[in-house]
Amino acid sequence: MAKKVAFMQGNEAGAHGALYAGCKFFAGYPITPSTEVAEVMSAELPKVGGKFIQMEDEIGAMAALIGASLTGTKALTSTSGPGFSLKQENIGYACITEVPCVIFNVMRGGPSTGMPTGPSQSDIMSAKWGTHGDHPAICLVPASVQEIFEETVRAFNLSEKYRTPVTIMPDEIVAHMRERIVFPEPGELEVINRTAPSVPPEKYKPYDTSFGDVPPLAAFGTNYRFHVTGLNKMEDGFPTTKAAIVQAEEERQVRKVEANADDIIKYEEYLMDDADIVVVAFGSTSRSARFAVNEARKQGIKAGLFRLITFWPFPEKQLLALSKKVKAFITPEMNLGMCTGVVKGCIEGNAPVHGIFRVDGEPINPGQILDKMKEVK
Amino acid sequence: MAFDYDKYIRPGKLPHIWCPGCGHGIVMKGLIRAIDSLGLDKNNTAIVSGIGCASRLPGYIDCCTLHTAHGRAAAFATGVKMAKPEMNVILCGGDGDGTAIGGNHFIHACRRNIDMTYIIMNNNIYGMTGGQFSPCTPTGAKASTTPYGNPDPAFDVAKLAIGAGATFVARGTAYHATQIDKLIAEAIQHKGFSVVEILDDCPTTYGRRNKFKSVIEMMNRLKDIAVPVKAAEKMTPEQLEGKVLTGVLYKQEKPEYTTEYAKVIERAKGAK
Ligand SMILES: Cc1ncc(C[n+]2csc(CCOP(=O)(O)OP(=O)(O)O)c2C)c(N)n1
Ligand code: SF4
């Protein structure tokens, strides 16, 4: 049977990806340029017995998401810039309580209200450091409508597998563009569900590390009763200030993501075999970069593209290895150097890094990248 | 025979954090008796709170318990209830938690009339952080951040809840301990968003700053100001000056949110 093909918008594809992953709950608050996700979920979720709720603000939406997830329900919210800032309080709560949930944040200009309809890639630091304290961060940065669908499924999988919130962050261009999408058949993409407890209720502890760094999570409303708190906690879920336990728990929470970076990190290498000028890019900017690389090749410049699909955890190892064999990196991004700084931070000064920064609401075009290649070659 | 609270208290989690003379423990006992009188299934009962001394209550009770972020209990609880409407969802917290930082979530939970019960422990102060004024601190009162007397007017929690759309609103006091379980039980049985305000006391951060010589004096004040709604009907406005009404203040049947959403599901599935 022929697969279902459609001409679809990025945000809509994100909503359908969530449904494919088994999402049964959405809580949100309207904000451009992400609202289409909420609109599709409001129409589709009740058809499959799921629940949609428009909350009073983004703080409440993030809270409702965590509450729903604790009943064993896969949950999604969507937002953008100012809303992402408001969600940070409870993203931290989901981190420390280790409750799976997915945040679909469409990147628009900022800070503050900024440019509501303009594209941007300036939330990548918020995705890691937006909430206070040490915590794990997983952030995915898709570059096409098809990839938004597939990466939303993966966002749910990673969230369930590692018991942590996952952010998927298309920029406004990718979120609003319309492209051909081929829908995967049910069962074609892997769908992961959180591990349920294997011990009887009286033995259950929500943070029992004898099961490894990602302890099984029971659901409210089954016969497992447990306590959840945003305070530093012990393995039974109750608060503690015991130094050794707090230290060990904080380290485990970060380790469960960092130690599994190879499983989480995804990237694409394009014409990289012999490349000596490497563009590191993501989202819509990587599309311009691919075009520029093709043009450069025609002009005899050995250019290649390292396209980030996972932004956090960052592929530090891979870039460090690359930095030992290339002449230069070019990092085009719609912000004032966030990714550039991260790249510089992991290559130990082995190669120069040339940023191209735009925050004027216009995309970075291939010509700009090509010019930079000619300049540094 | 004395009531057996142990059935509902989590083993090993006492003593609680509350100061001697704090009213929050009286409310907890009332809630436990209410849960018992209704025979609620502990597995199917979620107790959700925000942050503050009052919000520590759920940790002691052997149900599904969720101690959230400051002011956010109503929003977290809404997620639990929407995802699993068959669960009994009870919220609790202090006046600061519920009416300041959580005010927005509070009024919207009232407006939706979602079937949950919110127990708000009003001690007129931010106890946990050492006695700063809350939206329920009386004008003129002393708090650590109103050294010259509080210039702010206070909220009437019950009126706020009624105005925002809650369909069951009751008020009790920590002095009238034996009434608390009955008010809470009636609130839980009500289909819709129910609010039970319990006036209680914080001797540690409010009492000592406001010239209460003892906990007994604070409790006696609660006794003196409380007037049951029935009794109030026969009193003149002059007699009611400085009093607060107690009992069930408001009750109305209105469409409940999760029931209405179930109809949305039916419509979406094309069943009706
Ligand atoms: C976002 C945030 N802001 C401030 C605080 C600090 N804080 C903790 S408890 C509290 C006040 C609690 O007062 P109330 O809700 O009246 O409860 P009580 O302690 O009196 O029982 C405050 C302001 C916090 N935990 N989180
Ligand atoms: S500080 Fe006040 S509210 Fe907190 S436990 Fe002590 S008496 Fe109760």
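Is B:Glu197 buried or exposed at 3% relative accessibility? B:Glu197 counts as buried, where buried means under 20% relative accessible area, exposed over 50% and partly exposed in between, with a 1.4 Å probe and protein chains only. The structure is a predicted model, in which local features need pLDDT of at least 70, side-chain atom pairs count only at pLDDT 80 or more, and totals for chains, interfaces and linings use all residues. Residues are numbered from 1 along each chain as its sequence is written, chains are lettered from A and ligands numbered from 1 in the order in which they are written, and side-chain values use heavy atoms, with hydrogens and water left out.

Figure 1. B:Glu197 has its place in strand β6 of chain B; helices (H or I, at least four residues) and strands (E, at least two) are DSSP runs numbered from the N terminus. Beyond its neighbours within four places in sequence, B:Glu197 is in contact (heavy atoms within 4.5 Å) with B:Ile120, B:Asn122, B:Val157, B:Ala158, B:Ala170, B:Arg171 and B:Gly172. The C-alpha atom of B:Glu197 is separated by 30 Å from that of B:Ala262, 65 residues apart along the chain.

**Figure 2. The largest pocket.** On a 1 Å grid over the protein atoms alone, a pocket is an open set of points with protein on both sides within 12 Å along at least five of seven lines, a cavity is a set of points where a 1.4 Å probe fits but cannot get out, and lining residues have an atom within 4 Å of a point. Grid points are joined across faces, edges and corners, and a volume is the space filled by probe spheres set on the points. The volume of the largest pocket is about 510 Å³. Its lining comprises 22 residues, and B:Phe155, B:Asp156, B:Arg171, B:Glu197 and B:Val244 lie nearest its centre. Two or more lining residues come from each of α5 (157-164), β6 (194-199), α8 (215-225) and β8 (244-251) of chain B, with the largest share, four residues, from α5(B). The lining has 13 nonpolar, three polar and six charged residues; Ala, Val, Leu, Ile, Met, Phe, Trp, Tyr, Cys and Pro count as nonpolar, Asp, Glu, Lys and Arg as charged, and the others, Gly among them, as polar.

**Figure 3. The largest cavity.** Three cavities of 30 Å³ or more are found in a search of the whole structure. The largest cavity has a volume of about 90 Å³. It is lined by 16 residues, of which A:Ile91, A:Ala127, A:Pro136, A:Ala137 and A:Thr167 are the closest to its centre. In chain A, α4 (81-97), α5 (124-129) and β9 (165-168) give two or more residues to this lining.

**Figure 4. The second largest cavity.** This cavity has a volume of about 50 Å³. Its lining includes B:Asn123, B:Cys202, B:Tyr206 and B:Arg221, and α8(B) gives the largest share, three residues. By class, the lining divides into five nonpolar, two polar and three charged residues.
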